[in-house]
Amino acid sequence: MLEIDEISKTIGTKTVLDRITLSISSGASLAIVGESGSGKSTLARIVMALERPTSGVIRFNGIAAPHKKTSDFKDWYRQIQFVFQNTTASLDPRMTIAQSLEEPLTGFTGMGKNERKERIAEYAEKVGLPPHLLAERPGRLSGGQYQRACIAKALVVKPKLLICDEIVSNLDLLHQHQIIELLHTLKIEQQLSLLFITHDLSLLAGLCEEIAVLKEGQLVERFASSAIHASGHHPYTQSLLNAARSLGRRASE
Ligand SMILES: Nc1ncnc2c1ncn2[C@@H]1O[C@H](COP(=O)(O)OP(=O)(O)OP(=O)(O)O)[C@@H](O)[C@H]1O
């Protein structure tokens, strides 16, 4: 479904991504893991067609990512949606949550007013956002509720692929767990594919079938998540696994 084909990105003299090749088949999910600065967000922006690669091609169901200025970027965004880290910049502070959720429906679909209203209520419920919050502005929401609203905004247009870039990094452990559980449920219910980006390997249990590890713009290794505890990983992957284990230990103490 998604092909990331030999993607490179150079910014100034720095090679931020170096010939990355990855793929996700329909209904499957891939995690991209790496330390800060390894190029994860740059790759996500390229997949979302928000940024052009220096070389290489992104294809979705065989169609190459559009240039942002062409009209077919609307089709791209109907199929590929994204949620970013909770920076409180994802939702317009002047709009109510309902208005924010309506925006992609107005922009990317030909749905009428009533149909849009129904779809908004349906997705607020799916993500566990109490209906009365739809009339509120984002400033009134807790961190967890804010991320639920962002997920609802991404999913109202029923995309096939959801890109999540560090979406639980700013949440406490309980809310991290709840959002991961929610993604897991939505993934099964909506037959949604996920591209889940994180620096924290401990978040991935059961969520993604495969894990790709990036280090300084290079793909270090890719493995089935069922092999996460196997021996023989690349030393960099092993150091990320050790960090995740010691974080897990501290959280359970
Ligand atoms: N617009 C830009 N100008 C200059 N350097 C950039 C730009 N965008 C990204 N970089 C550099 O590219 C590298 C990869 O950045 P990127 O944000 O993709 O990494 P990341 O793995 O997502 O990190 P983080 O987890 O901190 O977001 C970093 O060294 C960053 O400084």
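Is Glu6 buried, exposed or partly exposed, and how many C-beta neighbours does Glu6 have inside 10 Å? Glu6 counts as partly exposed, because 13 C-beta neighbours lie inside 10 Å. The scale is this: a residue is buried if 20 or more other C-beta atoms lie within 10 Å of its own, exposed if 12 or fewer, and partly exposed in between, with C-beta atoms placed from the backbone.

Before going on, note that this is a predicted model, where local features need pLDDT of at least 70, side-chain atom pairs count only at pLDDT 80 or more, and totals for chains, interfaces and linings use all residues. Residues are numbered from 1 along each chain as its sequence is written.

**Stop 1: positive phi angles**

Stay on Glu6. Its place is strand 1, residues 2-11. Helices (H or I, at least four residues) and strands (E, at least two) are DSSP runs, numbered from the N terminus. Glu6 is not a glycine, yet its phi is positive, about 55°. Most residues other than glycine have a negative phi.

Now select Arg19. Strand 2 (residues 14-24) holds Arg19. Arg19 is not a glycine either, and its phi is positive at about 45°. Arg19 counts as partly exposed, with 14 C-beta neighbours inside 10 Å.

**Stop 2: helix 1**

Select residues 40-47. Six of the eight residues of helix 1 are buried, so helix 1 is largely enclosed by the rest of the structure. Colour the buried ones: Lys40, Thr42, Leu43, Ala44, Ile46 and Val47. Then step to Ala49, which follows helix 1 and has a positive phi, near 65°.

**Stop 3: helix 5**

Select residues 143-155. Helix 5 has 13 residues, and at 1.5 Å a residue they should span 18 Å; the end C-alpha atoms are 19 Å apart, which agrees. The expected span is 1.5 Å times one less than the number of residues.

How many of the 13 residues of helix 5 are buried? The count is 11, so helix 5 is largely enclosed by the rest of the structure. Among them are Tyr146, Arg148, Cys150 and Lys153. Show what surrounds them: the buried residues of helix 5 pack against strand 6 (80-83), helix 3, helix 4 (113-126), strand 7 (161-165) and helix 6 (173-189). Here, two residues are in contact if their C-beta atoms, placed from the backbone, lie within 7 Å.

**Stop 4: helix 5 against helix 6**

Helix 5 and helix 6 pack at an angle of about 20°, with their axes 10 Å apart. Axes are lines fitted to C-alpha atoms, for helices over the stretch in contact, and angles run from 0 to 180 degrees between N-to-C directions. Helix 5 and helix 6 are therefore roughly parallel to each other. Angles under 35 degrees count as roughly parallel, over 145 as roughly antiparallel, 65 to 115 as roughly perpendicular and the rest as oblique.

On the helix 5 side, pick Gly143, Gly144, Gln147, Ile151 and Leu155; they meet His175, Gln178, Ile179, Leu182 and Leu186 in helix 6. This contact has five nonpolar, five polar and no charged residues. Ala, Val, Leu, Ile, Met, Phe, Trp, Tyr, Cys and Pro count as nonpolar, Asp, Glu, Lys and Arg as charged, and the others, Gly among them, as polar.

**Stop 5: helix 3 against helix 5**

Helix 3 and helix 5 pack at about 30°, with axes 8 Å apart. They are therefore roughly parallel to each other. Helix 3 gives Ile97, Ser100, Leu101 and Pro104 to the contact, and helix 5 gives Ala149, Ala152 and Lys153. Five of these residues are nonpolar, one is polar and one is charged.

**Stop 6: helix 3 against helix 4**

Bring in helix 4. Helix 3 and helix 4 pack at about 120°, with axes 10 Å apart. That makes helix 3 oblique to helix 4. Ala98, Leu101, Glu102 and Leu105 in helix 3 meet Arg116, Arg119, Ile120 and Tyr123 in helix 4. By class, five are nonpolar, none polar and three charged.

**Stop 7**

Centre on Leu101. Leu101 counts as buried, with 27 C-beta neighbours inside 10 Å. Leaving aside neighbours within four places in sequence, Leu101 is in contact with Ile120, Tyr123, Ala152, Lys153 and Val156.

Last, select Lys113, in helix 4. Lys113 is exposed, with 10 other C-beta atoms within 10 Å. Lys113 and Glu102 are 11 residues apart in sequence and 9.3 Å apart in space, C-alpha to C-alpha.
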